[in-house]
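Please look at the sequence and model first.

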Amino acid sequence: RPRSSTAPAGGKKKPPDEMELSPSFRLIGAGFLFSHQAAAVTYGNSYVRAAGPGLVILRYGEVIAQVFDLRPQSRKMNVSAITRDGIPVETSVSVSFQVRRPAADQRRPRSIESDAIPYPYDRDALFDLAYTASVGDDTKLEWTEQVCPQAATLLVTEIGKYNLDELLVSAGAEPMAEIRDRIKNGLKEQQGDDHLQTLPRGIDILGVGVGPLE
């Protein structure tokens, strides 16, 4: 079942992966997920399988713990940093990402219909995402909100490697391209297998953007 949430006065929007499920899942243990949705199914406290899109039939004792949006996601944050020569600058960082796609030779989940689906996904990615929510400012960060803060931290570090004049040469085209590449590679390194992992491995990083310097 989806986690319950209470919107405060003012109508705060739910996070993208707190999606409403069809009442049929509660009534008869079955229902449809849209073509851009997949669900993590659990039994008790244990992850069992990925399901959807299309018709999903729950076995006895199974519940849908979380629904994931398979479409490409995009997030953007303002960033304050200091150049190597001590000049404070303002900019922004944006990241596009999605639930990890399957490898070319990977079999599709049995719950997916034989017809082609618009957003294929790696079934193991949902396990990675369902159990790797991080905590920030005393609140739980969903997988969609974890990537951009990490990119912002990397951007601050990268800007600190350059003098302001270096960042402004040719409108900053060359150094900014290098910075974007290093941030993207840095995000992928944070999905590694060692103890330094800070991002779920269930995410594919599609691209990184850096705004103009002020």
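The protein has five helices and 10 strands. Both are DSSP runs numbered from the N terminus: helices are H or I with at least four residues, strands are E with at least two. The model is predicted, so local features need pLDDT of at least 70 and side-chain atom pairs pLDDT 80 or more, while totals for chains, interfaces and linings use all residues. Residues are numbered from 1 along each chain as its sequence is written, and side-chain values use heavy atoms, without hydrogens or water.

Of the 214 residues, 43% are buried. Buried means under 20% relative accessible area, exposed over 50%, and partly exposed in between, with a 1.4 Å probe and protein chains only. Among contacts with a separation of 6 or more, 63% join residues 24 or more positions apart. A contact is heavy atoms within 4.5 Å.

**Aromatic pairs**

A search of the whole structure gives three aromatic pairs. Rings of Phe, Tyr and Trp (its six-membered ring) pair if their centres lie within 6.5 Å; planes under 30 degrees apart are stacked, over 60 edge-to-face, the rest tilted. Two of the pairs are tabulated here.

| Pair | Centre distance | Plane angle | Class |
|---|---|---|---|
| Y47 and F127 | 5.3 Å | 65° | edge-to-face |
| F97 and W143 | 5.9 Å | 80° | edge-to-face |

Y47 sits in strand 3 (residues 46–51) and F127 in helix 2 (residues 123–130), so their pair ties together parts 80 residues apart in sequence. F127 is partly exposed, at 40% relative accessibility.

F97 and W143 are both buried. Their pair also links distant parts of the chain, 46 residues apart. F97 belongs to strand 7 (residues 88–99); W143 is in the loop between strand 9 (139–141) and helix 3 (147–159). With F68, these two residues form one aromatic cluster.

**Helix 3 against helix 5**

How do the axes of helix 3 and helix 5 (residues 173–189) cross, and within what distance? They come within 9 Å and cross at roughly 130°. Axes are lines fitted to C-alpha atoms, for helices over the stretch in contact, and angles run from 0 to 180 degrees between N-to-C directions. The two helices are therefore oblique. Angles under 35 degrees are roughly parallel, over 145 roughly antiparallel, 65 to 115 roughly perpendicular, and the rest oblique.

Helix 3 contributes V147, Q150, A151, L154, L155 and E158 to the contact. Helix 5 contributes I179, R182, I183, G186 and L187.
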